[in-house]
Amino acid sequence: MGILRKGIFGGFEKKTGALIGRRVKGKSIIYARQRKNAKLRTVAQLDQQLRFDLANSILKWFSDLIAVGFKRIAGKGSAFNAAVRYNFSALVTGISPDYVIDYSKLVYSRGSLEGPHRPSISRLSDGLQVSWLPDVQTRFNQYSDKATFVIYCPDREMFMKFPEHVIRSAMGCFLPLPVGLTDVSLYAWMSFINADGKLVSDSVYLGVI
């Protein structure tokens, strides 16, 4: 309860609602009572945050490709946020707190272009060979579409990107790799973007080599 020392026009002491009054060097000081933090987060909320942080830690490496691959889906919003929402539920798996990334579910691009027709990937002594089969040309499948590739090496925490590396009609290409990656696991993805850059395909997981 606040106490008025000099009537309604004077200062007050102690608490009154959300205000606190006190005398400091002969002056009446009134300040707002600090609110306590909101309730502690539940276990479920902490788990959700842990999964969210893990998804972000991987997707951030694809941010430049996501900016193009999720641009249409995001509309006026953030392409990266749209990618996080799309990937979140499938990308992070496991039981708390031992969550893991399911790389086969990672998608960095979504669109109406056709993806590669029956793609395959193999390891050579100094790189990777990727190939796909020809398919009928349509509005959403043009020989001039350009292929982008992403290779991830978790053992070295290394991402290698080959943006718009080769056209669809080539039906394959060689991806050179740095020295020292011949005996470690590599995860691979690819996608297409059309010649004028307005249309993209869904990104495709090529597998672990």
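These legends go with close-up views of a predicted model.

**View 1. The largest nonpolar core.** Let's start inside: this core has 26 residues. Those with the most contacts within the core are Phe62, Ile66, Leu106, Tyr108 and Trp189. Helices H1 (43–59), H2 (63–69) and H4 (79–91) each supply at least two of its residues, and so do strands E6 (98–101), E9 (146–153) and E12 (187–193). H4 gives the most, with 6 residues. As background, nonpolar side chains in soluble globular proteins tend to be buried together.

**View 2. Around Phe62.** Here's a closer look at Phe62, which is among the residues with the most contacts inside the largest core. Set aside the neighbours within four places in sequence, and Phe62 is in contact with Leu106, Tyr108, Val150, Phe159, Lys161 and Trp189. Of these partners, Leu106, Tyr108 and Trp189 are also on the list of residues with the most contacts in that core.

**View 3. A sheet of 3 strands.** This sheet is open, runs in the order E7-E8-E11 and pairs in the antiparallel sense. Its edge strands are E7 (117–123) and E11 (172–176), each pairing on one side only. From one strand to the next, the twist averages 15°. Zoom in on E8 (residues 127–133) and E11, and you'll find 5 bridges joining them in antiparallel fashion. For Ser131, the bridge partner in E11 is Gly172.

**View 4. A cis peptide bond at Pro97.** The bond from Ser96 to Pro97 is cis, with omega near 0°. Pro97 is found in the loop between strand E5 (92–95) and E6. For context, most peptide bonds are trans.

View 5. Glu164 isn't a glycine, yet its phi is positive at about 45°. Glu164 sits in strand E10 (residues 158–167) and is partly exposed, with a relative accessible area of 41%. Met171, also not a glycine, has a positive phi of about 60°. Met171 belongs to the loop between E10 and E11, and its relative accessible area of 34% makes this residue partly exposed.

How values were computed: Residues are numbered from 1 along each chain as its sequence is written. This is a predicted model: local features need pLDDT of at least 70, side-chain atom pairs count only at pLDDT 80 or more; totals for chains, interfaces and linings use all residues. Side-chain values use heavy atoms; hydrogens and water are left out. A nonpolar core is a set of buried Ala, Val, Leu, Ile, Met, Phe, Trp, Tyr and Cys residues joined through side-chain atoms within 4.5 Å. Buried means under 20% relative accessible area, exposed over 50%, partly exposed in between (1.4 Å probe, protein chains only). Helices (H or I, at least four residues) and strands (E, at least two) are DSSP runs, numbered from the N terminus. Contact means heavy atoms within 4.5 Å. Two strands pair if DSSP finds at least two bridges between them. Axes are lines fitted to C-alpha atoms, for helices over the stretch in contact, and angles run from 0 to 180 degrees between N-to-C directions.
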